[in-house]
Amino acid sequence: NVIGYLAYLKALETAEATRVIPVVQTSTLFTILLGIILLKEREYIPRKIAAGIMAVVGVVFLMLD
């Protein structure tokens, strides 16, 4: 967690926040997928996938100029 936070701060130093923050938010999608695959969380899979898709769409909208 500490290494990830330091990498996040370094990314904010080297790039625009409007580019860094949306990319960091995509970690939600990876968390959903890994929870379904590795932890076998089978309840509410359609809801989880829909939430992940909404997060990715939000990131795309934030990254468009």
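Select Y44 first: with a relative accessibility of 52%, Y44 counts as exposed, because the cut-off for exposed is over 50%. The model on your screen is predicted.

**Stop 1: the loop between α3 and α4**

Stay on Y44 and look at where it sits. Y44 is placed in the loop that runs between α3 and α4. Its backbone has a positive phi of about 55 degrees, although Y44 is not a glycine.

Now select K40. K40 also lies in the loop between α3 (27-37) and α4. What is the phi of K40, which is not a glycine? It is positive, at about 55 degrees. K40 has a relative accessible area of 55%, so this residue is exposed.

**Stop 2: the whole chain**

Zoom out and show the chain as a cartoon. How many helices and how many strands does the chain have? There are 4 helices and 0 strands. Read from the N terminus on, the elements follow the order α-α-α-α.

The C-alpha trace spans about 40 × 30 × 10 Å along the principal axes of the chain. The radius of gyration of the chain is 14 Å, whereas a compact globule of 65 residues would have one near 11 Å.

Switch to a surface view. Of the 65 residues in the chain, 11% are buried. A residue counts as buried when its relative accessible area is under 20%.

**Stop 3: α2 against α4**

Go back to the cartoon and select residues 17-25, which form helix α2, together with residues 45-63, which form helix α4. How far apart are the axes of the two helices? They are 9 Å apart, and the helices pack at an angle of about 170 degrees. α2 and α4 are therefore roughly antiparallel to each other, since an angle over 145 degrees counts as roughly antiparallel.

Show the side chains where the two helices touch. On the α2 side, select T18, R19, P22, V23 and Q25; on the α4 side, select V59, L62 and M63. These are the residues through which α2 and α4 meet. By type, the residues of this contact divide into 5 nonpolar, 2 polar and 1 charged.

**Stop 4: V24 in α2**

Select V24, which lies in helix α2. Is V24 buried, partly exposed or exposed? V24 is partly exposed, because its relative accessible area is 34%. A11 and V24 are 13 residues apart along the chain, and their C-alpha atoms are separated by 9.9 Å.

**Stop 5: two residues of α4**

Move to A51, which is placed in helix α4. A51 has a relative accessible area of 34%, so A51 is partly exposed.

End at I53, in helix α4. I53 has a relative accessible area of 51% and is therefore exposed. Which distance separates the C-alpha atoms of I53 and T14? They are separated by 28 Å, and the two residues are 39 residues apart along the chain.

Definitions and conventions: Residues numbered from 1 in each chain as written. Predicted model: local features only at pLDDT ≥ 70, side-chain atom pairs only at ≥ 80, totals over all residues. Heavy atoms only, no water. Axes fitted to C-alpha atoms, helices over the stretch in contact; angles between N-to-C directions. Parallel < 35°, antiparallel > 145°, perpendicular 65-115°, else oblique. Contact = heavy atoms within 4.5 Å. Nonpolar A, V, L, I, M, F, W, Y, C, P; charged D, E, K, R; others polar. Rg over C-alpha atoms; globule rule 2.2 N^0.38 Å. Buried < 20%, exposed > 50% of the residue type's maximum accessible area, 1.4 Å probe, protein only.
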